[in-house]
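Trainee: I would like to learn how to read a structure like this one. Could you walk me through it?

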Amino acid sequence: MSSLLIFGAGGHGRVVADAALRAAKWSLVFASDRDPVRCSGELLAGVALRPADAALAAAAAVHVAIGSAASREREVAALPPGVLATVVHPQSSVSAHASVSPGCFVAAQAVVAPLAILGRSVILNHGAVVDHDASVGDFSHVAPLAALGGGVKVGRRVLIGSGARVLPGLRIADDVVVGAGAVVCTHLDEAGVYAGVPARRLR
Ligand SMILES: CC(C)(COP(=O)(O)OP(=O)(O)OC[C@H]1O[C@@H](n2cnc3c(N)ncnc32)[C@H](O)[C@@H]1OP(=O)(O)O)[C@@H](O)C(=O)NCCC(=O)NCCS
């Protein structure tokens, strides 16, 4: 067992820290942030905050827990090779026949079905579902209670908002935002913001 640095000391960092403590896979869980104001005290009880440079230099395993896809991608790119850590809440359900790439976070009650693929540093939030044969590209985020039907292909840096649904077999392009509660009924082949039932482009 080694120590785990959670990099990103906001609300999402707290969720990841809670899951990491529950997973009981690391001897020590500690946290840091680019914002020096967030680098002292505790993120959660038992998860000390430390200054960023010292924390990053010392860590053998790092999970980047930043909600913004662009910031998460930038911080992951700056890490030394081999340190990127995946955090899976023990009360999620991840098929032994699914693929979960380094840096992913799988929250409580989330489901990753057989032959599903999660790319690097994907966030699969509370109760989200990635059904069989679906894939989620690097740095994307499937928000709480959102669901991707079987065979859905989601690009990179996509946000699927809370409670949204994507019907089976559809494609979602890179850098798309799907609003909370949307139902996606057609391929979304251009980057943009889509919302509503059925989902339509807002901009
Ligand atoms: C879709 C979304 C990205 C739009 O955000 P925005 O660009 O700031 O848009 P605005 O709030 O200015 O709203 C623009 C219009 O879209 C409507 N709208 C906003 N979100 C909507 C949604 N989810 N579904 C339907 N309509 C929506 C607004 O009512 C507004 O309509 P109007 O022009 O008739 O007044 C945002 O509302 C959203 O749903 N984000 C997802 C949040 C989420 O789930 N995060 C996960 C956290 S873990």
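Trainee: Let's start with charged pairs. How many salt bridges does the structure hold?

Mentor: To call a salt bridge, look for a side-chain nitrogen of Lys or Arg within 4 Å of a carboxyl oxygen of Asp or Glu. This is a predicted model, and it holds 8 salt bridges. One of them joins Asp175 to Arg157, with 2.7 Å between the closest N and O atoms.

Trainee: Where do Asp175 and Arg157 lie along the chain?

Mentor: Asp175 sits in the loop between β20 (171-172) and β21 (177-178), while Arg157 sits in the loop between β17 (153-154) and β18 (159-160), so this pair ties together parts that are 18 residues apart in sequence.

Trainee: Now the overall layout, please. Into which domains is the chain divided?

Mentor: There is domain 1 (3-77) and domain 2 (86-203). Their C-alpha centres lie 23 Å apart. To see how they meet, look at contacts: 17 residues of domain 1 are in contact with 18 residues of domain 2.

Trainee: And how much area do domain 1 and domain 2 bury between them?

Mentor: Buried area is what two parts lose on being put together, summed over both. Here that is about 1,400 Å², with 63% of it on carbon and sulfur atoms. On the domain 1 side, His63, Arg72 and Glu73 lose the most area to domain 2, together 34% of what that side buries.

Trainee: How many salt bridges cross that interface?

Mentor: The rule finds 2 between domain 1 and domain 2. Elsewhere in our reading of charged pairs, note that the side chains of Glu73 and Arg156 meet in a salt bridge, at 2.8 Å from N to O. For polar contacts, the count between the two domains is 6 residue pairs.

Trainee: Which elements give two or more residues to the domain 1 side that touches domain 2?

Mentor: They are α1 (11-23) and α3 (69-77). The largest share, 7 residues, comes from α1. By type, the residues of that side divide into 10 nonpolar, 3 polar and 4 charged.

Trainee: Last topic: the ligand. Which residues come nearest to the ligand?

Mentor: Of the 13 residues around the ligand, the nearest are Gly161, Ser162, Gly179, Ala180 and Arg203. Next, ask whether backbone or side chain does the approaching. For Ser162, a backbone N or O atom lies 2.7 Å from a ligand oxygen, and for Ala180 a backbone N or O atom lies 2.8 Å from a ligand oxygen. With Arg203, a polar side-chain atom lies 2.4 Å from an oxygen atom of the ligand.

Key. Residues are numbered from 1 along each chain as its sequence is written. This is a predicted model: local features need pLDDT of at least 70, side-chain atom pairs count only at pLDDT 80 or more; totals for chains, interfaces and linings use all residues. Side-chain values use heavy atoms; hydrogens and water are left out. Domain bounds come from an automatic or database domain assignment. Contact means heavy atoms within 4.5 Å. Buried area is the accessible area (1.4 Å probe) that two parts lose on being put together, summed over both. A polar contact is a pair of N or O atoms within 3.5 Å; within protein, one must be able to donate a hydrogen and the other to accept it, and residues adjacent in sequence count only if both atoms are side-chain atoms. Helices (H or I, at least four residues) and strands (E, at least two) are DSSP runs, numbered from the N terminus. Ala, Val, Leu, Ile, Met, Phe, Trp, Tyr, Cys and Pro count as nonpolar, Asp, Glu, Lys and Arg as charged, and the others, Gly among them, as polar. A residue is near a molecule or strand if one of its heavy atoms lies within 4 Å of it.
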